[in-house]
Amino acid sequence: MSERHRLTIRSIDPDPRGRTVVDGVAALGLDSVGDVHIADVVHVEGHLDADARRALHGILVDPLLQVGTWEIPAGRGVEILLQPGVTDSGADAVRHAAQQLSIPVEHAASGTRVEFDDDADPHAVETIVQRLLANPIIERWSNEPLTPSRPDGTASTLHAAVVRVRGLDGDGLSRVNDERALSLDPAELEVIRDHFEAIGRDPTDVELETLAQTWSEHCAHKSFRALLLADEDGATVERTPLLAQLRDCTESIDAPFVVSAFVGNAGVVEFSKGTTIALKAETHNHPSAVEPFGGANTGVGGVIRDVLGIAHRPIAVTDILCFGPADLSMADLPPGALHPRRIRDGVIDGVADYGNKIGLPTVAGAILYDPAYTTNPLVFAGCIGTAPTRPLHDGPNPGDRIIVIGGATGRDGIRGATFSSATMNATTGEVAGASVQIGDPIVEKLVIDALIGAEDLYSAITDCGAGGLSSAIGEMAEGVGAEVDLDTVPRKYPGLEPWEVWLSEAQERMVISVAPRAVSAIAHRCERVGVGWADVGSFTGDGVLTVRSGGQVVAQLDTEFLHDGRPQRTLPATMPTPNRTRIVGRQVEDPAETILALLRHPNIASKAATIHRYDHEILGSTVVRPLVGAAGDGHADGVVLARPSDTHGIAIGIGVNPWYGLHDPEAMAFAAVDEAMRNVVAVGADPDRVALLDNFSWGDPRRPTTMGELAAAVDGCCAAAFTFAAPFVSGKDSLNNEYIGRDGERHAVPPTLVITAVGHVPDADRCVTPDLKEAGNAVLLIGSTETEFAGSHLDLVLGQPDEVGVAPAPDPDAPTHYRHLHAAISAGLVESCHDLSEGGLAVAIAEMCIGGRLGVTIDRLPHDDLATALFAESMGRLLVEVQPKHLPAFMRAMDDDVLRLGEVSLGGLLTLPGVEPLSVGDLADAFNSAALNSAALNSAALDSAALDSGGQL
């Protein structure tokens, strides 16, 4: 029998993770426990003699920074280990290194030891472990030294269970639905019952779970495909399904650069002849609520695979994150929920861990805070990829082999797709523990290495995401049919039931269809880079999906029923009736202090501490970075990527403002598109060559008001797309983002729409940034300013007024302004440019001052009302800095349709009419010194990858 050994690794200098825990204790108002020290623990099994232990010690312990001991430590401590079956990439790395050096390690596990002062209160220690250090969804902990355990393999069976549905009434079907967490509609359950009654048998658990995943909201987008019965002006009007509206909009625009839209894993465009660009953004909201690190980590990994799943090489990642207030009182936290600070730190660590390790720059994004995100955070992950122009794959073909490439299969992410349809509450973590996944970016990098350059060897490709093999192979088999042998699927451990193997959402797996003659070439590529592969079956041509285990058929589904048998939802929609006529202004008693308060607001304040967690320079193509300016702390509007060998590039911009949606969802959607457009135009993109992605995160679509908001938002998206002739090429909806609060009531997240714009930059050498460049230059405003305050950040700072007023309305001149501005940028007439969004003109001009560490003297404002001039958030506006010698040419380029406000100064002051002058130093301090940033810096010191995911090394 092999022996068990444990190596405890400590930092020679104080580990900053301990200091971060102490700071987190203070920030959450928990009882102090004194100093905290953290060590990493590696458990190994094998026949290790002294030489083997010495060799392993040499691999794992850096002698300049760490000390390691094979003895069980004395003193008071809490040890944390992953639950059996949870991905442990640190342990995988230990096994791989041991194998390379012929060290006889049979099993490994990684963990963490947290040591407290001897006189620390035990109750306080337990509270801190639960609130800050461990997550019971994926981890276990003890005050005694822990021994790792392996998944139980005794319950395995090769056979499928039969689930009775024939003859059941609505109540009986509902019980099956609840017992198996299928999240199916009553009408869908009835169709499934009727189908199996017609063929004379009951479904197996494999078949029932396959249908539930395929028909889930996440996979089928059944609300966006629903027939809408809208209540408009007292009459019921039948509306086109939302997804069809977005697709029809793109087809009507008929942009010549669109190669593929709303088909496959990602949208594809071709801005420059010879290179196509794949675009995709996904959500990973529910998993991030119950396990923040793993949820965000696998969200990034999943969207990277989406781009790889359309045969493009990933080149960059984006992320938009929505959290509850970081300073939320523990008394206000709903039962069973993680604190927003814990969620935020885990999510940011998860994003950084995946992008940094896989070697992709994280280049664009946003962070939003609102109490309504407390229990239901939102995580939007995007990816951009490129490929040489070639026809898209049109397989699979009958006779092709089904090849799975990447990691082995475990219980990770079981029922993840149906979990996304659940409402978050105090028991969600217990119910959905198996829905959590932990990623392994190194394996995914190997998968990329194996597949890029092999495009001629396969006829179709997709990723294993929601629904695992059932979804990946099931979708590929639509209209073709397939036979799959589950016995050939590599497993992480024994004990998996057939339905678990078929449904597992274990990460880092791709499925390709390969002609038999090319299988050996694929195998060679996988073996060369060191990634696993398996031949699990074939595509048949009979239109039937057949799955076997132990030589027995465990599932046999007609692919037509699987993909087209789901009944279309019919949903009522009560359309919103926003105020668009009653104009309401604002009174601001101290404009100077209000500007500083806006700069300190978590939604506006610097995100530099988080941005620095991400590598945005890797691959050497980031021309305009997320942080710019004299001190490197100004925020760019968009980012620009261009290969060193190219003169052109692409710009990426983000638009999001859920607070408008609380008052006018249609205006909010238009504003999000407009903001994304401004972000890319402001750095040098051509506004006539921009593609859009849409990501909707809403509440329960079965509520008529919620469905009405969604319908109005889609109206706004389509109107904006037509206005700018910018097509949507891909999208994603994440619905049912609701939770049960302390009051026992259901609460939805704000109506959150994220728009990603990707535009062509014809000349990467002409890019501009928002930081001011030189004293004496003119400062000009493009666009009109109106009294529009509904959903404004001024209201968030001052408090909601009795009368809200109107949300920002579209500017009909914006498309013309953007084209003229692009011409001026292309001609080299613009020194800096910044779009106006949250906080209005005052915040935008303050941010330009901060970026350039220069002052501005404003002589003229765009509106007679001071509050409107400074703080309204009207759409379509940009600030531009122009040298005096270029001013006549710039005015001609803009058809004189701009307003000169003032000029850049050396005095270090922001001077605005009717406002006490503000020093640029004070502006920068307000922007950079929010409590948000110190908390994020703490997170940077805390390697939550070691804590939130059980000690990955």
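Predicted model: local features only at pLDDT ≥ 70, side-chain atom pairs only at ≥ 80, totals over all residues.
Reader: Which element supplies the largest share of the lining of the second largest pocket?
Author: The second largest pocket has a volume of about 1200 Å³, and of the 42 residues that line this pocket, the closest to its centre are Asp 88, Ser 89, Asp 92, Arg 95 and Asp 440. At least two lining residues come from each of strand 4 (77-82), helix 3 (89-100), strand 5 (107-116) and helix 15 (441-451). The largest share, seven residues, is that of helix 3.

Reader: How do the residues of that lining divide into nonpolar, polar and charged?
Author: Among the residues closest to the centre of the second largest pocket are Asp 88, Arg 95 and Asp 440. Over the lining of the second largest pocket, the division is 18 nonpolar, 14 polar and 10 charged.

Reader: Which element gives the most to the lining of the largest cavity?
Author: The count comes to five cavities of 30 Å³ or more, and the largest cavity has a volume of about 790 Å³. Its lining holds 36 residues, of which Gly 365, Ala 366, His 635, Ala 636 and Asp 637 are the closest to the centre. Elements that give two or more residues to this lining include strand 25 (634-635), helix 21 (608-611) and helix 27 (840-852). With seven residues, the element that gives the most is strand 13.

Reader: Why is one side of strand 23 and of strand 29 left without a neighbour in the sheet?
Author: The two strands belong to an open sheet of six strands with mixed pairing, in the order 23-26-27-32-28-29. One side of strand 23 (622-624) and of strand 29 (728-734) is left without a neighbour because both stand at the edges, each with a single partner strand.

Reader: What is the handedness of the crossing of helix 11 and helix 12?
Author: The axes of helix 11 (residues 292-308) and helix 12 (residues 340-358) come within 7 Å and cross at roughly 35°. Residues of helix 11 including Ala 296, Val 300 and Ile 304 meet a set in helix 12 that includes Gly 346, Gly 350 and Tyr 354, and the residues of this contact divide into 10 nonpolar, five polar and three charged. The crossing itself is right-handed.

How values were computed:
Residues numbered from 1 in each chain as written. Heavy atoms only, no water. 1 Å grid on protein atoms, 1.4 Å probe; cavity = no way out; pocket = protein on both sides within 12 Å on 5 of 7 lines; lining within 4 Å. Points joined across faces, edges and corners; volume = space filled by probe spheres on them. Helix = DSSP H or I, 4+ residues; strand = E, 2+ residues; numbered from the N terminus. Nonpolar A, V, L, I, M, F, W, Y, C, P; charged D, E, K, R; others polar. Pairing = 2+ DSSP bridges. Axes fitted to C-alpha atoms, helices over the stretch in contact; angles between N-to-C directions. Left-handed = near helix turned anticlockwise from the far one by under 90°. Contact = heavy atoms within 4.5 Å.
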